[in-house]
Amino acid sequence: MKGSHRQWIGLCLLTLMLVKAWVIPLVCLDFEIRRDYIVKNLCVNRNRPQLHCDGKCYLAKKLAETEKQQQRQAEQDYLASLIYQVMDTNTQNFFSVQPSGFELPLDLVFQYNSVLSPRNFPNEIFHPPLAV
């Protein structure tokens, strides 16, 4: 009984994946099936038969919408995976500190000379022009 539930769940997931992979061909199939209705009612150029559009404008618009929707879904999936990776609480990243055998003396003095300290005093830089 448990195996048959897994098979049904697997079959449903496989069907969903196939539908997602076949969205664009399904839009084209829908266009071919309903071509007469689309040409008569939904075509942008139905009032100008000399263009011979035959509903291709409607198909192009639907394909663009489908691709845009797939792109948005891919971006959302990518962001969700990034958030999941960041928020993953199963992995524990702890740093352990190993005790060392030496200690620093507390009266240690450091001397630091900044590279950015002025070397030329302002009176050496700013002075009246020298006569030669």
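**Entry 1: K62 and its partner.** I began with K62, which is partly exposed, with a relative accessible area of 32%. I then looked for its partner and found a salt bridge joining the side chains of K62 and E65, at 3.9 Å from N to O. E65 counts as partly exposed because its relative accessibility is 42%. I noted that both residues lie in helix 4 (residues 56-86), three residues apart, about one turn of the helix.

**Entry 2: confidence.** I recorded that the model is predicted. The protein averages a pLDDT of 78, and 72% of the residues score at least 70. I found the highest confidence in helix 3 (residues 35-42), at a mean of 88, and the lowest in helix 5 (residues 122-125), at 66.

**Entry 3: further salt bridges.** I asked how many salt bridges the count comes to. The count comes to three. Besides the pair in helix 4, I located D30 with R34, at 3.1 Å from N to O, and E32 with R35, at 3.4 Å from N to O. D30 is partly exposed at 34% relative accessibility, and R34 is partly exposed at 30%. E32 is partly exposed at 47%, and R35 is partly exposed at 27%.

**Entry 4: the nonpolar patch.** I next examined a nonpolar surface patch of about 1,100 Å², whose members include W8, L11, W22 and I33. Which helix gives the most to the nonpolar patch? I found that helix 1 does, with six residues. Helix 1 (2-21) and helix 2 (23-33) each supply at least two residues. I placed W22 in the loop between helix 1 and helix 2.

Definitions and conventions: Residues numbered from 1 in each chain as written. Predicted model: local features only at pLDDT ≥ 70, side-chain atom pairs only at ≥ 80, totals over all residues. Heavy atoms only, no water. pLDDT = per-residue confidence, 0-100. Helix = DSSP H or I, 4+ residues; strand = E, 2+ residues; numbered from the N terminus. Patch = residues over 30% accessible without salt bridge, like charges linked within 9 Å, V, L, I, M, F, W, Y side chains within 5 Å. Areas by Shrake-Rupley, 256 points an atom, 1.4 Å probe, with all protein chains shown as cover. Salt bridge = Lys/Arg side-chain N within 4 Å of Asp/Glu carboxyl O. Buried < 20%, exposed > 50% of the residue type's maximum accessible area, 1.4 Å probe, protein only.
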